[in-house]
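Work through the exercises below with the structure at hand. Try each task before you read its solution.

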Amino acid sequence: MSTAANDAPLIAVEDLHTYYGKSHILQGVTLHVGSGEVVGLLGRNGVGKSTTLKTIIGLVQPSHGKVVFEGNVVTSMPPHRLARLGMGYVPEDRRIFRLLTVMENLRTGLDRAGMTDEKKRALLEKVFAYFPVLAERRNQAGGTLSGGEQQMLAIARAMMLEPKIILLDEPTEGLMPRMVSQIRNIVDVLHRENVAILLVEQNVPLTLEASERVYIMEKGAVRHHAAARDLKVNDAVIHQYLGV
Amino acid sequence: MQLTAILAGIPWDQILIQTLNGIVTGMILALIASGLTLIFGIMDVVNFAHGELFMLGAYIGVVVLATTGSFWLALLIATLVVALLGAAIQIATLRPLLGRDPLTTILATFGVSLILQNYALWQFGPVARKIQEPFSGHFKLFYLEYPWYRLLIAGLSAAIIGGFWLFLKHGKFGIWIRATTQDRVMAQAMGIPVPLVHTAAFAIGAGMAAASGVLFGPLVGVNHTMGLDWVLKAFIVVVVGGMGNLGGSIAAAIFISLLEAYASIWVSPAQAVIVSFVVLILTLLFRPTGLFVPTPK
Amino acid sequence: MQPAIDAPASAKKARAGAQVPVLRTEALTRRFGGLTAVNNVNFQVNREEIRAIIGPNGAGKSTFFNCLTGVLPATSGRILFNGEDITGLPPDRISLKGIARSYQITNILPNATTLENVRIAAQSRRHAWSMLKHYSAYHDIIERAEAVLKSVGLYGKADELAANLSHGEQRNLEIGIALATEPLLLCLDEPTAGMSAVETRDTVQLVRSIAKNLTILIVEHDMDVVMGLADRITVLNYGQVLAEGTPTEIQNNPKVLEVYLKT
């Protein structure tokens, strides 16, 4: 099992500033994720967690700062190239293709250069083993799935890219407790497959449990950084940045 | 009795003839409208140059036919050339405008339409040209000699649209187009090269317009303004059918063409055109997302 | 009928909140198809209170705000403003009743000057059908607009195009526009969104300075702003009121913490 930061990190962002119009959403974000690491990104609503992920995957251009992936500066690369390079993205509202079937949703990531029929079949089998309900519903339109199933599809779809890192934006939001623990298991599964994860969440216990390191953001920047095992839910710093 | 008198008074022969005419026209219109709705659905561009791509296709058909004598080569080459031209237009004028106010793309395509119209006028002159039908031959339909050719173009249009629909439903590129149409952002996040998909979709739409230009050529004169009438009808079809909705466009095209054809039994064809506008207004008033769209999302 | 009361006594009565809350909702509910975003909310705000509405993601704060200001019709329940039923009124009528609102995404006229933005808002309180008189003839409106600009600290930029203001100044202009309509209740939707720490502090001071004679409702995520400004806080969760109290009470309420940390 790889430990954090043995070499250069897999992804590093330095001093990111991002604006929506004049609204200064990211005010200097710096963080990194090592190969195979699970890193949590906590913070209240509106602090810029989702915008950080969107800036990393290239959906939003920063006005300042850089994103470095496997040692290369990728700040102005278009999202589809970053996806091909090995970044998976699971957005906050899942955003599966509602009018495509489950299978077609998966194929958007499965059908790419270098994938022989053999490899495709193997990858599908593996993912269906993790998400049997998707196998059952493979010919159903994505929009007919329940919220939890759509979340699983969104994650499975990202896994089709065989990514080196998955950017997961609030996967447990709006899900029932039973589904929350399923998401927890999926994070573990991904970790075992040596996929790094940058996990944006507001669920503090889950994040502290699942992550190796945790960043806490407030007002557009990282305000605290610690190893997950050194943080407890009731610590003052958690209350300060995430409580009331 | 009264009933038989009424039934006898209805001009059945004309209705049947006009049904055929309506279907033929409808299929051509469907082919033009499919390209237009594809372009709108995938990149939110209202392509005001679509009629000119139709017109250019017809002219290229004229030229190739004159050189090679083969109608089928004319159809093929016109489609390919205009598709390539469409790709070039999209890359040069529309790609740089991505993400800006939609008004800018309307102006851009309108500008392209003016350029293409005047190019055609300069290149080919104001006199209308003719495309010869690939074969003649009629069959007897009541008192009329109905040309086989008309049925052929309806069939070919249907085949092209059908082929396109199959292409969308199966295969990797079909999925790419459908995914990009539904959610361009997530399509990118899945590694789909969205800028390329946009260019390809525009090229396909342009090619479909050109094909309908060649197919329709023998029925009307080919001149530099022929795009104008058809693009207006095509827009009506696209709005009535539901913007971005392929099946809806096809249904709307046939529906409107049939209505117009029936109307011209009793009024002049020029007045029959009013029917399409009435349908448009009613659609906008009562079901603005499209007559043939199941439920507004 | 009440007998006439002399001035000092009536002022005192007014000060006692006059027993009629400025805004009150009765069983306010808003459904979107199968989702109940606001669920049977009984809420009230008293005169000259600064009330903050907070809650985790999806708590229904924006929907609640939108119902109060007439942007969204309520599915059921009533909204009473100064005792008057305003349920179902459209936003323009609600504005005329005395409720003003600022928006999460800055909503100013970028091609007008700062003064013009505020003047147009002030003008809305007069009958504007006279097309023959030039706006400069309405001295009182211009004076009011200038006074509002002074109170939001933008008088020095009166002739500046609104598009050229900084983000913080634009957000404050938005508050100024709301103020110019002479409201009784001011609703602020995430007023410090996207602001730097300095701009945030300035806006907090601004809101404190205009709070006199005004009742203020504020939706915010920034806890420093909330704790620094609010007299009382209402916590929403899943469309219902979870807790209500002073900042200290809310900070010490274990249920609130639980809901925020998802423990």
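Start here: Arg31(C) stands opposite Thr36(C) in strand 2 of chain C. This is a predicted model, where local features need pLDDT of at least 70, side-chain atom pairs count only at pLDDT 80 or more, and totals for chains, interfaces and linings use all residues. Residues are numbered from 1 along each chain as its sequence is written, while chains are lettered from A and ligands numbered from 1 in the order in which they are written.

**Exercise 1. Find how strand 1 of chain C pairs with strand 2 of chain C.**

Step 1. Locate the strands: residues 23-32 and residues 35-45 of chain C. Helices (H or I, at least four residues) and strands (E, at least two) are DSSP runs, numbered from the N terminus.

Step 2. Check the pairing, which requires at least two DSSP bridges between two strands. Here 7 bridges join them in the antiparallel sense.

Step 3. Look at the turn. The two strands form a hairpin with 2 residues between them. Gly33(C) in the turn has a positive phi of about 60°.

Step 4. Turn to strand 4 (residues 76-81) of chain C, which pairs with strand 1 of chain C in the antiparallel sense over 5 bridges. Leu23(C) stands opposite Phe81(C) there.

**Exercise 2. Trace the open sheet of 6 strands in chain C.**

Step 1. Read the order: 6-7-8-3-9-10, with mixed pairing.

Step 2. Strand 6 (99-102) and strand 10 (240-245) of chain C each pair on one side only.

Step 3. Inspect one pair. Strand 9 (residues 232-237) of chain C runs antiparallel to strand 10 of chain C, with 5 bridges. Thr234(C) has Glu244(C) as its bridge partner.

**Exercise 3. Is Val187(A) buried or exposed?**

Step 1. Apply the cut-offs: buried means 20 or more other C-beta atoms within 10 Å of its own, exposed means 12 or fewer, and partly exposed is in between, with C-beta atoms placed from the backbone.

Step 2. Val187(A) is buried because it has 25 C-beta neighbours inside 10 Å.

Step 3. List its contacts (C-beta atoms, placed from the backbone, within 7 Å). Not counting residues up to four places away in sequence, Val187(A) touches Val38(A), Ile197(A), Leu199(A) and Ala210(A).

**Exercise 4. How many residues does each chain bring to the contact of chain C and chain A?**

Step 1. Count by chain: 22 residues come from chain C and 21 residues from chain A.

Step 2. Find the top contributor on the chain C side: helix 10 of chain C gives the most, with 4 residues.

Terms used. Contact = placed C-beta atoms within 7 Å.
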